[in-house]
Amino acid sequence: AKANDVALVPNVLERGVAWLRTHQDKRLSYIMEDREHRRANNTDALVFMVLTDSGSKDEKMKEIVFEDRLKMSVYAQSMLGLAMHTLGDENKWQTIKKNLEQYLKQDEENQTAWLDLPNTGYWWYWYGSEIETHAYFLKLLSKTEPKSETASRLVKYMLNNRRHATYWNSTRDTALCIEALADYMRASGEDT
């Protein structure tokens, strides 16, 4: 809403960010109490990305979520890539992009690209959605390499995999896909 100049109820954003900071601080303390056995999780990646978007910086959590990224879903890794890009840490977002590209498949004949996700054990969780994962990967590519062949092929794959050619599975994933497609169009110059 803020990025698109939509009016918000006064203080609602500030209260939400404050709550997320408190949540992240508690999680950081919990993880650090027993670092040998405790890891950052997918929700930690989501909270870290949202706080980064709001302008917050937490170097300790940044290091922990980056260190634990390979234990997270591809969806969460895409979010971390966006957060690291927002923070200007090129080495970290490049590393995350390389981690994500190990799942990348391409079909030369159809000129499409997609992530072949290992979602066998958690497809019913929010971070197990293939459609939303593709949307966040496209958001990352839109920020880092919007004119790449992979980005345009991912767009084609996402468009080809709508239901009845109008929506994906739910209003949530449809909204994320439209947002990712709009980000891609702006970043690649296709909106002109």
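**Cavity and pockets**

A search of the whole structure, which is a predicted model, finds one cavity of 30 Å³ or more. The volume of this largest cavity is about 30 Å³. Its lining consists of Gln24, Phe48, Leu51, Thr52, Ser56, Lys57 and Asp58. Helix H2 gives the most to the lining of the largest cavity, with three residues. By residue class, the lining of the largest cavity comprises two nonpolar, three polar and two charged residues.

Two open spaces are described next. The largest pocket has a volume of about 1,000 Å³, and the second largest pocket has a volume of about 150 Å³. The largest pocket is lined by 23 residues, and those nearest its centre are Ala1, Lys2, Ala3, Asp53 and Glu179. At least two lining residues of the largest pocket come from each of H1, H2, H4 (74-87), H6 (130-144) and H8 (171-188). Among the contributors to the largest pocket, H1 gives the most, with five residues. The lining of the largest pocket divides into 10 nonpolar, four polar and nine charged residues.

The second largest pocket is lined by Glu130, Ile131, His134, Tyr157, Met158, Asn161, Arg163, Trp168, Asn169 and Cys177. The elements that supply two or more residues to this lining are H6 and helix H7 (149-160). H6 gives the most to the lining of the second largest pocket, with three residues. Five nonpolar, three polar and two charged residues make up the lining of the second largest pocket.

**Salt bridges**

The structure holds 16 salt bridges.

| Salt bridge | N to O distance |
|---|---|
| Asp44 and Arg27 | 2.7 Å |
| Arg38 and Glu33 | 3.1 Å |
| Glu101 and Lys97 | 2.9 Å |

The side chains of Asp44 and Arg27 meet in a salt bridge with an N to O distance of 2.7 Å. This pair links distant parts of the chain, with Asp44 in helix H2 (residues 42-53) and Arg27 in helix H1, 17 residues apart. Both Asp44 and Arg27 are buried.

Glu101 and Lys97 both lie in helix H5 (residues 90-101), four residues apart, which is about one turn of the helix. Glu101 counts as partly exposed because its relative accessibility is 31%. Lys97 counts as buried because its relative accessibility is 7%.

In the salt bridge that joins Arg38 and Glu33, Glu33 counts as exposed because its relative accessibility is 61%. Elsewhere, a network of salt bridges links Glu59, Lys62, Glu63, Asp89 and Lys92.

Arg27 has its place in helix H1 (residues 12-33). The relative accessible area of Arg27 is 16%, and this residue is classed as buried because the value is under 20%. The side chains of Arg27 and Asp44 are also joined by a polar contact of 2.7 Å. Which residues does Arg27 contact, leaving aside its neighbours within four places in sequence? Arg27 is in contact with Arg39, Ala40, Asn41, Asp44 and Met61.

Met49 lies in helix H2. Is Met49 buried or exposed? Met49 counts as buried because its relative accessibility is 5%. Leaving out residues up to four places away in sequence, Met49 touches Met79, Leu82, Ala83 and Tyr136. A further relation concerns Thr86, which is 37 residues from Met49 along the chain, while the C-alpha atoms of Met49 and Thr86 are separated by 8.8 Å.

How values were computed: Residues are numbered from 1 along each chain as its sequence is written. This is a predicted model: local features need pLDDT of at least 70, side-chain atom pairs count only at pLDDT 80 or more; totals for chains, interfaces and linings use all residues. Side-chain values use heavy atoms; hydrogens and water are left out. Buried means under 20% relative accessible area, exposed over 50%, partly exposed in between (1.4 Å probe, protein chains only). A polar contact is a pair of N or O atoms within 3.5 Å; within protein, one must be able to donate a hydrogen and the other to accept it, and residues adjacent in sequence count only if both atoms are side-chain atoms. Contact means heavy atoms within 4.5 Å. A salt bridge is a side-chain nitrogen of Lys or Arg within 4 Å of a carboxyl oxygen of Asp or Glu. On a 1 Å grid over the protein atoms alone, a cavity is a set of points where a 1.4 Å probe fits but cannot get out, and a pocket is an open set with protein on both sides within 12 Å along at least five of seven lines; lining residues have an atom within 4 Å of a point. Grid points are joined across faces, edges and corners, and a volume is the space filled by probe spheres set on the points. Ala, Val, Leu, Ile, Met, Phe, Trp, Tyr, Cys and Pro count as nonpolar, Asp, Glu, Lys and Arg as charged, and the others, Gly among them, as polar.
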